[in-house]
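Try each task before you read its solution.

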Amino acid sequence: MTVDPGTADLETFLATTPDEPFVMLNLMRYAEGGRALYTEYLRRAAPYVEAAGARVLYLGKGGTPLVGGDAQAWDAVMLVWYPSPAAFTAMVDDPEYMEVSHLRAQALAAAVLQPSRPLVS
């Protein structure tokens, strides 16, 4: 399972997502020893998140799923607010960010990145 969006994924995201703020749901399952690597990734990625105008709303440990069984068990859950899809894609395309993003890829065995917007405004 890939844990990072590809170029085609980002192009579709930009083309189909309104140019407005959104919250990215991150579901993460750590690889062996991945928790420490992910902590290091968060520390080193923080300046790029801030430069994108984004902010972490919530970061928590995953619990036992009430629905879906073990296949839906995640080690961590994070919600990140972004000012726009362009801000998100600019961050992940930044060459300096890419120098630290390998830590995320190494840390995770599986991931979900699900953009969301409010149902009502």
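Predicted model: local features only at pLDDT ≥ 70, side-chain atom pairs only at ≥ 80, totals over all residues.

## Exercise 1: Thr-17

**Task.** Thr-17 sits in the loop between α1 and β1. Is Thr-17 buried or exposed, and which backbone oxygen does its side chain reach?

**Solution.** 
- Step 1: the relative accessible area of Thr-17 is 18%. The cut-off for buried is under 20%, so Thr-17 is buried.
- Step 2: follow the side chain of Thr-17 to the backbone oxygen of Phe-13, at 2.8 Å.

## Exercise 2: Arg-29 and Leu-108

**Task.** Find the element that holds Arg-29, then work out which residues Arg-29 and Leu-108 contact.

**Solution.** 
- Step 1: Arg-29 belongs to strand β1 and, at 25% relative accessibility, is partly exposed.
- Step 2: leave out neighbours within four places in sequence. Arg-29 is then in contact with Ala-71, Gln-72, Ala-73, Trp-74 and Asp-75, and also with Ala-107, Leu-108, Ala-109 and Ala-110.
- Step 3: switch to Leu-108. Again not counting residues up to four places away, Leu-108 touches Val-3, Met-28, Arg-29, Tyr-30, Ala-31 and Tyr-38.

## Exercise 3: the core

**Task.** Which members of the largest nonpolar core touch the most other members, and what do the buried residues of α3 pack against?

**Solution.** 
- Step 1: the largest nonpolar core has 27 residues, and Tyr-38, Tyr-82, Phe-88, Met-91, Tyr-97 and Leu-108 touch the most other members.
- Step 2: sort by element. At least two residues of this core come from each of α1, β1, α2, β3, α3, α4 and β4, and α2 gives the largest share, five residues.
- Step 3: zoom in on α3, where Pro-85, Ala-87, Phe-88, Thr-89, Met-91 and Val-92 are buried. The buried residues of α3 pack against α1, β1, α2, β3 and α4.
- Step 4: a bit of background. In soluble globular proteins, nonpolar side chains tend to be buried together.

## Exercise 4: two pockets

**Task.** Describe the largest pocket and the second largest pocket by volume and by the classes of their lining residues.

**Solution.** 
- Step 1: the largest pocket has a volume of about 430 Å³. Of its 26 lining residues, Tyr-41, Met-91, Val-92, Tyr-97 and Arg-104 are the closest to its centre.
- Step 2: α2 gives the most to that lining, with seven residues. By class, the lining of the largest pocket has 19 nonpolar, two polar and five charged residues.
- Step 3: the second largest pocket has a volume of about 250 Å³. It has 13 lining residues, with Asp-4, Pro-5, Asp-9, Val-112 and Leu-113 nearest its centre.
- Step 4: β4 supplies the largest share of the lining of the second largest pocket, four residues. That lining divides into ten nonpolar, one polar and two charged residues.

Note on methods
Residues numbered from 1 in each chain as written. Heavy atoms only, no water. 1 Å grid on protein atoms, 1.4 Å probe; cavity = no way out; pocket = protein on both sides within 12 Å on 5 of 7 lines; lining within 4 Å. Points joined across faces, edges and corners; volume = space filled by probe spheres on them. Nonpolar A, V, L, I, M, F, W, Y, C, P; charged D, E, K, R; others polar. Core = buried A, V, L, I, M, F, W, Y, C linked by side-chain atoms within 4.5 Å. Buried < 20%, exposed > 50% of the residue type's maximum accessible area, 1.4 Å probe, protein only. Contact = heavy atoms within 4.5 Å. Polar contact = N/O pair within 3.5 Å; in protein donor to acceptor, adjacent residues only side chain to side chain.
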